Amino acid sequence: MARYLLGRLIGMAIVFIIVSIAAFLLMHSVPGGPFDEEKSPLPPAARANILRKYGLDKPLYEQYARYMWNALHGDFGTSFQSPTETVIQLIGRAWPTSIMLGGLAMLIAFTLGPLFGLLAAVKQNSWIDYVVTFLSTLGLPVPR
């Protein structure tokens with residue numbers, strides 16, 4: 001059992017690293033950014049200072065290493081949209097609402113889901129079955 005759990009943990013770590021590298025590279029491959037020249041033209045010296053401040057003048061592998069080091073220590077930096085708050089503060093502010101909505105959604109799903117599933121099974125191939133199937137399929141892609 002311990003060997004199985006260790007294998008699962010190692011697999012999870014590998015997937016985490018691959019996904020983080022993919023997300024990091026995708027964010028660097030899309031055009032535009034917070035210091036884009038089109039939105040607000042900056043003098044070259046100011047742009048260089050900003051890039052140096054955020055480490056964006058370094059090679060990608062150094063940027064990724066810094067990103068992972070900070071992320072593993074819980075430091076996600078400051079928000080570009082709200083520079084007076086850290087990302088952790090923004091998450092902390094939105095967390096109670098997300099927990100409340102997620103808990104309410106789970107409560108509804110766990111109480112009404114089995115009831116509607118049973119009803120659809122009893123009334124198989126009827127309009128009730130089709131409506132329950134449609135609504136449950138419609139609810140799958142909705143973010144929770």
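User: Where is Asn125 found?

Analyst: Asn125 is found in the loop between H4 and helix H5 (127-139), where helices are DSSP runs of H or I with at least four residues, strands are runs of E with at least two, and both are numbered from the N terminus. The model is predicted, so local features need pLDDT of at least 70 and side-chain atom pairs count only at pLDDT 80 or more, while totals for chains, interfaces and linings use all residues. Residues are numbered from 1 along each chain as its sequence is written, and side-chain values use heavy atoms, with hydrogens and water left out.

User: Why is Asn125 called exposed?

Analyst: The relative accessibility of Asn125 is 56%, and exposed means over 50%, buried under 20% and partly exposed in between, with a 1.4 Å probe and protein chains only, so Asn125 counts as exposed. Its backbone is also worth a look: phi of Asn125 is near 65°, a positive value in a residue other than glycine. Most residues other than glycine have a negative phi.

User: What makes Glu85 and Arg93 a salt bridge?

Analyst: The closest N and O atoms of Glu85 and Arg93 are 3.3 Å apart, and the definition asks for a side-chain nitrogen of Lys or Arg within 4 Å of a carboxyl oxygen of Asp or Glu, so the pair qualifies as a salt bridge. By this rule the count comes to one salt bridge. As for the two partners, Glu85 is buried because its relative accessible area is 18%, whereas Arg93 is exposed because its value is 56%.

User: How do you know that the rings of Phe24 and Tyr64 form an edge-to-face pair?

Analyst: A search of the whole structure finds three aromatic pairs, and in one of them the rings of Phe24 and Tyr64 have their centres 5.5 Å apart and their planes at 70°. Rings of Phe, Tyr and Trp (its six-membered ring) pair if their centres lie within 6.5 Å, and planes under 30 degrees apart count as stacked, over 60 as edge-to-face and the rest as tilted, so this pair is edge-to-face. Because Phe24 lies in helix H1 (residues 2-29) and Tyr64 in helix H3 (residues 60-72), the pair ties together parts that are 40 residues apart in sequence. Phe24 counts as buried at 10% relative accessibility, and Tyr64 is buried at 16%.

User: Why is the pair of Tyr64 and Tyr67 called tilted?

Analyst: The ring centres of Tyr64 and Tyr67 lie 6.1 Å apart and the planes stand at 45°, so the pair is tilted. Both residues lie in helix H3, three residues apart, about one turn of the helix, and Tyr67 is partly exposed, with a relative accessible area of 39%. Ring pairs link Phe24, Tyr64 and Tyr67 into a cluster.

User: What does Ser20 touch, and is Ser20 buried or exposed?

Analyst: Ser20, placed in helix H1, touches Tyr64 and Met68, not counting residues up to four places away in sequence, where contact means heavy atoms within 4.5 Å. At 6% relative accessibility, Ser20 counts as buried.

User: Which residues does the UniProt annotation "transmembrane region" cover?

Analyst: According to the unreviewed UniProt entry, the annotation covers residues 9-30 and 99-122, although such annotations may be inferred rather than shown by experiment. In the model, residues 9-30 are 95% helix and 0% strand, with end C-alpha atoms 32 Å apart, while residues 99-122 are 100% helix and 0% strand, with end C-alpha atoms 34 Å apart.
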